[in-house]
Amino acid sequence: MNSQALTLTVMAMTAFAGNSLLCRAALNQTEIDAASFTSIRLIAGALVLWLIVRLRASRAEDKGAGQNAVGGNWWSALALFAYAAGFSYAYVSLVAGTGALLLFGAVQVTMIGYGIYRGERLRGIQLIGLLMAFGGLIGLMLPGLESPPLFGSVLMLGAGVAWGVYSLRGRGAGDATVVTAGNFLRSVPLALLLSALMYSYWSLDMAGVGYAIASGALASGVGYAIWYTALPLLKSTTAATVQLSVPVIAAIGGVILLSEPLTLRMALASVAILGGIALVILEKQAR
C-alpha cells in the first residue's frame with residue numbers, strides 16, 4: 001500500500017468511526033432527538049455528495065466527457081434510510097464502541113449470509129470464523145451487568161442488516177460516488193416523513209445540529225468520497241479487512257473522547273467478531 005492509499009484509507013476509516021462518535025455524543029450530550037439527527041445527517045450528506053458529483057461532472061465536461069449527476073434508486077434509498085434511522089435510535093442507549101461493533105458484525109454477517117444463499121461454500125476455517133462471529137454477537141448481548149441495552153442492540157443489528165442490503169444492492173451499480181449521492185438525495189424525503197411523524201418528540205439545540213451536520217457532511221459525505229477514491233488503490237483483500245478497524249477506532253474514541261467504559265465482555269466480543277469475520281474474508285480471498 002503506497003502512502004497515498006494509506007493516507008486516504010486512514011482518513012476514510014476515521015470518518016466512518018466518527019459517525020458513531022458524533023451520533024452518540026449528539027444523542028447523549030445534547031438535546032437533539034433521533035429523528036431530527038437522522039434528517040439533518042442525511043440532508044447534509046446529500047448536499048455534500050451532490051456538490052462533489054457536480055464538481056466532478058463539471059471537470060468531465062471541460063474534458064469533453066459527460067457524467068450523470070444523479071444515480072441510485074428508491075429501494076437502495078429505503079435501505080439507506082432504514083440504516084440511518086436505526087443507527088440514530090440505537091445510539092440513544094448504546095455506547096459508541098458497542099454500537100459500531102454490532103453494526104459492523106451485522107453488516108458482514110448479512111453479506112456473508114447472502115453469499116451462502118447464492119451458493120458460495122464455506123471451507124472449514126471459514127465456518128469456524130462465522131461461528132466465532134455469531135458467538136461474539138450472542139456473547140455480547142447475553143443478559144448481565146455488562147450487556148448492552150436489548151432494544152438499542154436490536155435496532156443497531158437491524159441497521160447493520162439494512163446497510164448490508166444497501167451494500168449488496170450497490171455492487172456493480174456504476175460510479176459509487178454518483179450512486180451514493182443519488183441514494184442520499186432520495187432518502188431525504190423519507191427522513192423528513194419520519195421527523196413529521198415524530199413531531200411531538202422534536203428537540204433541537206445548536207450543539208446537536210452541529211454534530212448532525214458534521215456526521216452527514218464530513219463523516220458520511222466526505223468520508224464516502226475519500227473511501228471510493230482509495231478503493232481503486234487497494235487490493236480487494238486489503239479493502240475488505242481494513243474495515244475491521246472501524247469498530248476498534250470507535251471504541252478507542254469512545255473511551256478517550258466520551259469517557260465511555262471498555263469492558264472485558266466488549267473486548268472479548270470484539271476479538272471473536274472481528275477475528276471471525278477476518279478468517280472468512282481472508283480465506284475467501286485466498287481461494
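This is a predicted model: local features need pLDDT of at least 70, side-chain atom pairs count only at pLDDT 80 or more; totals for chains, interfaces and linings use all residues.
Q: In which helix is threonine 14 placed?
A: Helices are DSSP runs of H or I with at least four residues, and strands are runs of E with at least two; both are numbered from the N terminus. Threonine 14 falls within residues 3-29, which is helix 1.

Q: How far apart are the C-alpha atoms of threonine 14 and valine 209?
A: Along the chain, threonine 14 and valine 209 are 195 residues apart. Their C-alpha atoms are separated by 21 Å.

Q: Which residues does proline 149 touch?
A: Proline 149 sits in the loop between helix 5 (124-141) and helix 6. At 37% relative accessibility, proline 149 counts as partly exposed. Contact means heavy atoms within 4.5 Å. Leaving aside residues up to four places away in sequence, proline 149 touches Ser93 and Leu94.

Q: Why is helix 4 called oblique to helix 6?
A: Axes are lines fitted to C-alpha atoms, for helices over the stretch in contact, and angles run from 0 to 180 degrees between N-to-C directions. Angles under 35 degrees count as roughly parallel, over 145 as roughly antiparallel, 65 to 115 as roughly perpendicular and the rest as oblique. Helix 4 (residues 96-117) and helix 6 (residues 150-170) have axes 7 Å apart and pack at about 45°. That angle makes helix 4 oblique to helix 6.

Q: How do the residues of the contact of helix 4 with helix 6 divide?
A: Helix 4 contributes residues including Gly99, Leu102 and Tyr114, and helix 6 contributes others, among them Ser153, Trp163 and Leu168. Ala, Val, Leu, Ile, Met, Phe, Trp, Tyr, Cys and Pro count as nonpolar, Asp, Glu, Lys and Arg as charged, and the others, Gly among them, as polar. The contact divides into 13 nonpolar, six polar and no charged.

Q: How is helix 4 directed relative to helix 10?
A: Helix 4 and helix 10 (residues 245-257) pack at about 170°, with axes 7 Å apart. The two helices are therefore roughly antiparallel.

Q: Which residues of helix 10 make the contact with helix 4?
A: Helix 4 supplies Ala96, Gly97, Ala100, Leu101 and Phe104. The contact has seven nonpolar, two polar and no charged residues. From helix 10 come Pro247, Ala250, Ala251 and Gly254.

Q: What kind of aromatic pair do tyrosine 114 and tyrosine 117 form?
A: Rings of Phe, Tyr and Trp (its six-membered ring) pair if their centres lie within 6.5 Å; planes under 30 degrees apart count as stacked, over 60 as edge-to-face and the rest as tilted. The structure holds 11 such pairs. With centres 6.4 Å apart and 35° between the planes, tyrosine 114 and tyrosine 117 form a pair that is tilted.

Q: What separates tyrosine 114 and tyrosine 117 in helix 4?
A: Tyrosine 114 is partly exposed at 33% relative accessibility, whereas tyrosine 117 is exposed at 69%. They are three residues apart in helix 4, so their separation is about one helical turn.

Key: Residues are numbered from 1 along each chain as its sequence is written. Side-chain values use heavy atoms; hydrogens and water are left out. Buried means under 20% relative accessible area, exposed over 50%, partly exposed in between (1.4 Å probe, protein chains only).
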